Amino acid sequence: MSAGVDLDNVCADFGSFRAVDRVTVHIKPGEFFSFLGPSGCGKTTILRMVSGFIRPSEGKITIGGQDMRDIRPNQRPTALIFQNLALFPLMPVWENIAFGLEVRGVDRKARRDRAEELLRLVDLPGAADKTIGQLSGGQKQRVAIARALAVEPKVMLLDEPLSALDLKLRQHMRAELRAIQKRTNVTFIYITHDQGEALAMSDRVGVMSQGRLQQVSAPQDIYNQPVNGFVASFVGENNIFAGKIGNISSNMAQFETSVGTFKATIGPDAGTAHNPKLYVRPEHARLVAKPVNGENAIAVEIADVAFEGNFISIQARDAHGGILVAEARNDGQGSVPSPGEKLHMVFDAERAVILADETPAANATP
Amino acid sequence: MNDLLRRYGPVLSILFAALTAFWLLALVVLPDLYLFENSFRPYLPISEVGGPKDFYSFDNYLTFFHSPIHIQVFVWTIVYSTVVTVLCFVIAYPLAYYLSKVARSNLLPTLFLLILVPLWVSEVLRSFAWFIILALKGPLNILLLGIGVIDQPIRWLTGFRGVIIGLVYTYVLFMLFPLYNAIQSLDTNQIEAAEDLGSPWWRTHWRVILPHAKPGIASGSVMVFMLSAGSILVPTLLASTSSRWFTEIIQQWMFESQDWNTGSAYAFMLLLLCTIFVSVVMRLFRVKLSDIAK
């Protein structure tokens, strides 16, 4: 039913611009895989190469073990859900859904039955004879999913399909998409710039920047163990310190910054990087009146306190005026510091990581 | 109107409005009304105009229905105008699709220039050019003989062939541009979505692109049909003795018989019957007038 997708050293060039640079990834059958990255990072190009609308300049794409080189989009076992959905406005809902079956020569009655069945699957029964214009954003979304599922694709490709929906509906559709994926067990390749979506829905996430795949990992590893500065700062928030690495002992190192020297975990390739930085997530930073001896600590003055309900976000200024952020869970009894208060920001060496910048940009490679 | 006033001031605004009104009334509405009124009056010597024989009747219109040859010419005019319309569509659709969805956008100005350049030459010259091209010992036959497609020269200018070729050439752009606009307004993602769902190219055209382009097809067809049926120049230059166009009969009434009354009646008959024909065809293809206006 579902098939794996292998990208092997895939590149895409548009003139002299390299949109996708040597991407290699093995997506397993039945996996929910997301490509996460800012706009222009090449993720949509990857999707269009898998669906067949763009030919890779180099490298190989296989689906279910079959080389896709000379296979046209209409012959591939994939179904693409477009960012703007691209439903056919002149056909009623059921004909939209059954279009792929019409193409395959299924007779009208069977097409109609299958369309109704899929409408029930996407929780939209009774909409068969409506026009596309009569549907709300979320309903259109469901019709697009049903239309793609109708051709029983082995791989479903989704190009930011939730970006046009409002926040509440988007969160609802996340769960829905995940559920449909589990129910149908089709391989999903999902494109998004929204880290929340990628982390919440995916089995694995591939973070991209400037045409390159920076890291492929399970969501929690992307967040907890970013491999480089790009991943760390694109996914979640960080306090970032420039500086240089001092003494290294096994996987820990001294890191010398303008606000002090700290002990921190050393990330992959950071030891040899020419511009390493220290990353501390706000939730790993605490504010104390008096740090314990030997602890990583920065003297700060509280600048602003934002009470968010379940957590408290505190902005503090270091000796050079740089803004640092600490976040604390609201346990219902802790005291909240007030602006102007002089405290120390402390963090554990295990929770602070020294990372190299991202892998050099595609166009900068010699 | 307020915008016009603010931009050009009262004097210029009134001048614009007056010129437009003059053009519409004096040059379009009044002559038509004059002909319309005349079409109901008999053709009389000057001395009898205004006399007892000068009364309104449908006699001029009935003349048409009493002359089988004129009816036959009218039917042929409708039939061959339809053929011209269909041929224009067949030629313009692939071109419009190519220009709007396939051609690289930096090529478009050049392509449009190439398409428009022939329009800069007067219609009379272009028709004469075709007259030469289509002649029995003309370049087209020489070419076809030369590359071995035919072994006998073709008489292009007998029957309606010459008229059809001339009319298609003259009016094909009136089909191209509405089609181009219609296809261009289609979201390319829809074409890709159809292809992604497994659709071969012809089904994508049939189910997605053509339905979307329907208003453009309709307005292009109406224009080409009406212009063809009402054309006088091309049929005069490129028709043979066996192929008469209805406009030629109107011209004969007016300029050869000097009977402007019957000529006017025939002209309004042409307008009326073509309008009815177009409406029926539009009804058959389920096109609404509001679609065309889009």
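Before the first stop, a word on labels: UniProt positions are given here in the numbering used for this structure, feature names are shortened, and an annotation may be inferred rather than shown by experiment. Keep in mind, too, that this is a predicted model.

**Stop 1: chain B and its annotated spans.** Select residues 12–36, 73–96, 102–121, 128–150, 162–180, 217–238 and 265–285 of chain B, which an unreviewed UniProt entry annotates as "transmembrane region". Zoom in on 265–285 of chain B: this span is 95% helix and 0% strand, with its end C-alpha atoms 30 Å apart. Now try residues 102–121 of chain B, where the span is 50% helix and 0% strand and the end C-alpha atoms lie 29 Å apart.

Next, select residues 74–281 of chain B. The unreviewed UniProt entry labels them "domain: ABC transmembrane type-1".

**Stop 2: chain A on its own.** Chain A has eight helices and 21 strands, and its C-alpha atoms fill a box of roughly 80 × 50 × 30 Å along the principal axes. How many of its 366 residues count as buried? The share is 50%. If you draw contacts in chain A between residues at least 6 apart in sequence, 65% of them join residues at least 24 apart.

**Stop 3: where the chains meet.** Bring chain B back. Here 25 residues of chain A are in contact with 17 residues of chain B, and the two chains bury about 1,900 Å² between them, 54% of it on carbon and sulfur atoms. Which residues of chain A lose the most area to chain B? Select A:Asn74, A:Phe99 and A:Val103, which together make up 26% of what that side buries.

Now for the polar side of things. Between chain A and chain B there are 12 residue pairs in polar contact, and the rule finds five salt bridges across the interface.

Color helix H1 (43–51), strand S6 (78–81) and helix H2 (93–103) of chain A, each of which supplies at least two residues of the side touching chain B. H2(A) gives the most, with five residues. By class, that side of chain A has 14 nonpolar, five polar and six charged residues.

Terms used
Residues are numbered from 1 along each chain as its sequence is written. Chains are lettered from A and ligands numbered from 1 in the order in which they are written. This is a predicted model: local features need pLDDT of at least 70, side-chain atom pairs count only at pLDDT 80 or more; totals for chains, interfaces and linings use all residues. Side-chain values use heavy atoms; hydrogens and water are left out. Contact means heavy atoms within 4.5 Å. Buried area is the accessible area (1.4 Å probe) that two parts lose on being put together, summed over both. A salt bridge is a side-chain nitrogen of Lys or Arg within 4 Å of a carboxyl oxygen of Asp or Glu. A polar contact is a pair of N or O atoms within 3.5 Å; within protein, one must be able to donate a hydrogen and the other to accept it, and residues adjacent in sequence count only if both atoms are side-chain atoms. Helices (H or I, at least four residues) and strands (E, at least two) are DSSP runs, numbered from the N terminus. Ala, Val, Leu, Ile, Met, Phe, Trp, Tyr, Cys and Pro count as nonpolar, Asp, Glu, Lys and Arg as charged, and the others, Gly among them, as polar. Buried means under 20% relative accessible area, exposed over 50%, partly exposed in between (1.4 Å probe, protein chains only).
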